[in-house]
Amino acid sequence: MDGIFKNNPVFIILLGLCPTLAVSSSLKNALGMGCAATFVLISSNIIISLNRKIIPANVRIPAYITVIATFVTIVELVMKAYFPALNEKLGIFIPLIVVNCIILGRAEAFASKNNVLDSILDGIGSGTGFTLALLLIAFVRELLGNGSLWDIPVSSGFKPMLVFILPAGAFFTLGILLAFFNYMRERNKL
Amino acid sequence: MSIGLFFQMLIISVFVNNFVLSQFLGICPYMGVSKRLDSAIGMGAAVIFVMTLASAIAWILESYFLLPSPNNIWFMLFGDGNNYSAFDFTYLRTIVFILSIAALVQLVETFMKKFTPAMYELLGIYLPLITTNCAILGVVLLNVKTFTSGEGRLLKYLTNALGAGLGFTLAIVIMAGIRERMDEVIQYIPKPLRGSALTFIIAGLLSLAFMGFVGF
C-alpha cells in the first residue's frame with residue numbers, strides 16, 4: 001500500500017506525467033483516466049505475476065508490453081461502446097496508457113517477482129495513488145480555471161482564471177504541488 | 001503535396017501544436033534528459049530519427065495490414081475478391097504500433113552499433129528510452145487518426161513526424177539551456193522548489209510563450 005502516499009507514482013517518483021498533465025483539466029476526465037489506468041495496472045499485474053516463471057528474462061519487456069497493450073485494447077473498445085463522450089475527451093491518451101511508465105514499472109519491479117495476491121494489492125495501491133494524484137490536480141485546475149467542480153459551478157461571483165485550463169496551468173499546478181510535497185517531506189524529516 | 005503545404009504543416013507542428021508544450025506528449029524524457037545541453041541535443045536527434053522511421057512503418061502497416069481496402073494483404077490472401085469490409089483490423093492499432101516501435105528501436109540500435117559506431121556513440125544511450133516515450137506512439141496514432149484520405153498520405157505522415165520531432169528538440173534544447181544557466185543561481189532558490197518543481201514552472205512559462213503562436 002506504499003503506492004498511495006509514501007511512494008506516490010506521480011508526486012514522489014514522477015512517473016506517468018503525460019496523462020497526468022493532459023487529462024487533469026476536469027475532475028470527470030481525471031476519474032475516467034484513473035479508473036482506466038488502474039484496471040490495466042491490476043489486470044496486467046495478475047497476468048504477469050501468473051506467468052513470471054515462464055517468461056524468459058531477455059524477452060520480458062516485449063512480453064510485458066504485449067500483455068499491457070492487450071488490456072489497453074480492451075479498455076479502448078469498452079470506452080468506445082459505453083462511454084463515447086469520455087472517450088472523445090480523453091482521445092489519444094487512452095491508447096497511450098500502453099506507454100505509461102507506471103504500469104511497465106510495476107510489472108518490472110513488482111509483479112515479475114511476487115505472487116498473484118500481492119501483485120493485485122500492489123496494483124490497487126499504485127492505481128489508487130495515481131488516481132488520487134490526478135484528482136488533486138484536476139480539483140485545483142477545474143476550481144481555478146473553470147470555477148466549477150464536477151461540472152457544477154461553485155459560485156456566481158467568481159471569475160475563472162482561464163490559464164489553469166490551458167497547458168501552461170497544468171505545468172504551474174504540478175510544479176507548485178510538487179514544491180508543497182517537497183516542503184512537507186523536509187519538515188517531517190526534521 | 002506542394003512545397004507550401006509542406007512548410008505550413010511543419011511550422012504548425014513545430015510551433016503551434018508543439019508536442020511537449022501544448023499536447024503533453026513526451027514529458028518524461030523532457031523532464032529527465034534536459035539537465036545538460038549536449039544530452040538534450042542527442043535525445044532530440046534520436047527522437048526525430050525514430051519518429052520519422054516509425055511513421056513510415058506505421059504507413060505500411062496501416063495501408064496494407066489494418067485498413068479494410070482492396071490492398072489489404074489478408075483480403076488478397078483469404079478474401080473472396082469483392083467484399084473487403086470484413087477485413088477491418090483497425091482495433092489492433094495500439095498493440096501493432098507499440099510492438100513495431102519496440103522492434104524498430106531494437107533494430108536501429110543493432111544496425112547503428114554495427115555500421116555507424118560514431119552515430120551509435122552519440123545516440124546509443126537514448127535509444128532504449130525511446131520505446132516508452134509516449135511522443136513516438138502519440139505521433140503515429142495522431143497521424144493515423146488525422147490523415148485518413150489516401151492522397152499523398154505517406155508524405156503527410158512523414159512531414160508531421162518530422163515537425164513533431166523538431167518541436168520536441170526545440171523545446172528540450174531551450175529547457176536545457178535555461179537549466180544550465182539556472183545552476184549558477186541555485187542557492188537563491190527556496191529548497192522545496194529546487195529540481196523538478198522548478199522545471200515544471202519553467203515549462204509552464206515556456207508553454208505560455210508558445211501560446212503566442214496560436215494567437216490568443
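A polar contact is a pair of N or O atoms within 3.5 Å; within protein, one must be able to donate a hydrogen and the other to accept it. The views below show a predicted model.

**View 1. Ser24(A) in the loop between H1 and H2 of chain A.** Ser24(A) sits in the loop that joins these two helices. Its relative accessible area is 0%, so Ser24(A) counts as buried. A polar contact of 3.0 Å links the side chain of Ser24(A) to that of Arg141(A). The side chain of Ser24(A) also has a polar atom 3.4 Å from the backbone oxygen of Leu21(A). Leaving out residues up to four places away in sequence, Ser24(A) touches Pro19(A), Leu134(A), Ile137(A), Ala138(A) and Arg141(A). Along the chain, Ser24(A) and Leu136(A) are 112 residues apart. Their C-alpha atoms are separated by 8.7 Å.

**View 2. Helix H5 of chain A and what covers it.** The buried residues of H5(A) are Cys101(A), Ile102(A), Ile103(A), Leu104(A), Ala107(A) and Ala111(A). The cover over these buried residues includes H2, helix H3 (60–82) and H6 of chain A. Helix H3 (27–32) of chain B is also part of that cover.

**View 3. The salt bridge between Asp122(A) and Arg106(A).** In this salt bridge, the closest N and O atoms are 2.8 Å apart. Asp122(A) belongs to helix H6 of chain A and Arg106(A) to helix H5 of chain A, so the pair ties together parts that are 16 residues apart in sequence. Arg106(A) is partly exposed, at 23%.

**View 4. The largest cavity.** The structure holds 1 cavity of 30 Å³ or more. The volume of the largest cavity is about 30 Å³. Its lining is made of Ala37(A), Leu41(A), Asn100(A), Ile102(A), Ile103(A), Ser126(A), Gly127(A) and Phe130(A). Helix H2 (27–50), helix H5 (101–111) and helix H6 (116–146) of chain A are the elements that give two or more residues to this lining. H6(A) gives the most, with 3 residues. By class, the lining has 5 nonpolar, 3 polar and no charged residues.

**View 5. The largest pocket.** This pocket has a volume of about 1000 Å³. It is lined by 45 residues. Cys101(A), Cys28(B), Pro29(B), Leu129(B) and Thr132(B) lie nearest its centre. From chain A, helix H1 (17–22), H3 and H5 each supply at least two residues of the lining. The largest share, 5 residues, comes from H6(B). By class, the pocket lining has 26 nonpolar, 12 polar and 7 charged residues.

**View 6. Salt bridges in chain B.** Over all chains, the count comes to 4 salt bridges. One of them joins Arg93(B) and Glu62(B), with the closest N and O atoms 2.8 Å apart. This pair links distant parts of the chain, 31 residues apart. Arg93(B) lies in helix H6 (residues 93–115) of chain B, and Glu62(B) in helix H4 (residues 37–66) of chain B. Both Arg93(B) and Glu62(B) are buried. Another salt bridge joins the side chains of Asp38(B) and Arg36(B), at 3.3 Å from N to O. Arg36(B) is partly exposed, with a relative accessible area of 47%.

**View 7. Ser63(B) in helix H4 of chain B.** Ser63(B) is found in helix H4 of chain B. With a relative accessible area of 10%, Ser63(B) is buried. A polar atom of its side chain lies 2.4 Å from the backbone oxygen of Trp59(B). The side chains of Ser63(B) and Arg153(B) are joined by a polar contact of 3.4 Å. Setting aside neighbours within four places in sequence, Ser63(B) is in contact with Ser69(B), Asn71(B) and Arg153(B).

How values were computed
Residues are numbered from 1 along each chain as its sequence is written. Chains are lettered from A and ligands numbered from 1 in the order in which they are written. This is a predicted model: local features need pLDDT of at least 70, side-chain atom pairs count only at pLDDT 80 or more; totals for chains, interfaces and linings use all residues. Side-chain values use heavy atoms; hydrogens and water are left out. On a 1 Å grid over the protein atoms alone, a cavity is a set of points where a 1.4 Å probe fits but cannot get out, and a pocket is an open set with protein on both sides within 12 Å along at least five of seven lines; lining residues have an atom within 4 Å of a point. Grid points are joined across faces, edges and corners, and a volume is the space filled by probe spheres set on the points. Helices (H or I, at least four residues) and strands (E, at least two) are DSSP runs, numbered from the N terminus. Ala, Val, Leu, Ile, Met, Phe, Trp, Tyr, Cys and Pro count as nonpolar, Asp, Glu, Lys and Arg as charged, and the others, Gly among them, as polar. Buried means under 20% relative accessible area, exposed over 50%, partly exposed in between (1.4 Å probe, protein chains only). Contact means heavy atoms within 4.5 Å.
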